[in-house]
Amino acid sequence: NANGAEPHWDGGGMYNDDSSPTVSHCTFSNNRAAQDGGGMHNGNESNPTLTHVTFINNTASYDGGGMHNHPYSNQH
């Protein structure tokens, strides 16, 4: 869970900051974020590559229960 003070309130399952990881055959489930990206938060030009990734029952108080892409970030 991401429930701390900024920046620890984004990305309950995975927090990417200026990074581009490859994630495959993974399930993000039952994660929570006090702000954005319950399952995954992609910030500061992060561009992860996701293959066979599932998001189940993730929640966020603001944006992106499953995934939140900050401006200038994208997922492939």
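This is a predicted model: local features need pLDDT of at least 70, side-chain atom pairs count only at pLDDT 80 or more; totals for chains, interfaces and linings use all residues.
Is Asp10 buried or exposed in this protein? Hello everyone, let's start there. Asp10 is buried, at a relative accessible area of 12%; by the definition used here, buried means under 20% relative accessible area, exposed means over 50%, and partly exposed is in between, with a 1.4 Å probe and protein chains only.

A quick word on the ground rules. Residues are numbered from 1 along each chain as its sequence is written, and side-chain values use heavy atoms, with hydrogens and water left out.

Back to Asp10, then. You will find Asp10 in the segment before β1. Setting aside residues up to four places away in sequence, Asp10 touches Ala2, Tyr15, Ala33, Gln35, Asp36, Gly37 and His41, where contact means heavy atoms within 4.5 Å. Its C-alpha is also 8.3 Å from that of Ala60, 50 residues apart along the chain.

Gly4 lies in the segment before β1 too. At 35% relative accessibility, Gly4 is partly exposed. Gly4 and Ala34 are 30 residues apart in sequence, and their C-alpha atoms are 7.8 Å apart.

Now the overall picture. The protein has 0 helices and 7 strands; these are DSSP runs numbered from the N terminus, with helices being H or I of at least four residues and strands E of at least two. The radius of gyration is 11 Å, close to the 11 Å that the globule rule gives for 76 residues, so the protein is as compact as a globular protein of that length. For that comparison, the radius is taken over C-alpha atoms, and the rule is 2.2 Å times the number of residues to the power 0.38. The C-alpha trace spans about 30 × 25 × 15 Å along its principal axes. Buried residues account for 33% of the 76. Of the contacts between residues at least 6 apart in sequence, 76% join residues at least 24 apart.

Strand β4 (residues 40-43) is joined to β7 by 3 bridges, and Asn42 has Asn69 in β7 as its bridge partner.

On to the nonpolar side. The largest nonpolar core has 5 residues, namely Val23, Phe28, Met40, Leu50 and Val53. A core here is a set of buried Ala, Val, Leu, Ile, Met, Phe, Trp, Tyr and Cys residues joined through side-chain atoms within 4.5 Å. Beyond its neighbours within four places in sequence, Val53 contacts Val23, Ser24, Cys26 and Phe28.

Phe28 is buried at 7% relative accessibility, whereas Phe55 is partly exposed at 27%. Together, Phe28 and Phe55 form a stacked aromatic pair, 5.2 Å centre to centre with 10 degrees between the planes. Rings of Phe, Tyr and Trp (its six-membered ring) pair if their centres lie within 6.5 Å, and planes under 30 degrees apart count as stacked, over 60 as edge-to-face and the rest as tilted. Phe28 lies in β2 (residues 22-29) and Phe55 in β5 (residues 49-56), so the pair ties together parts 27 residues apart in sequence.

How values were computed. Two strands pair if DSSP finds at least two bridges between them.
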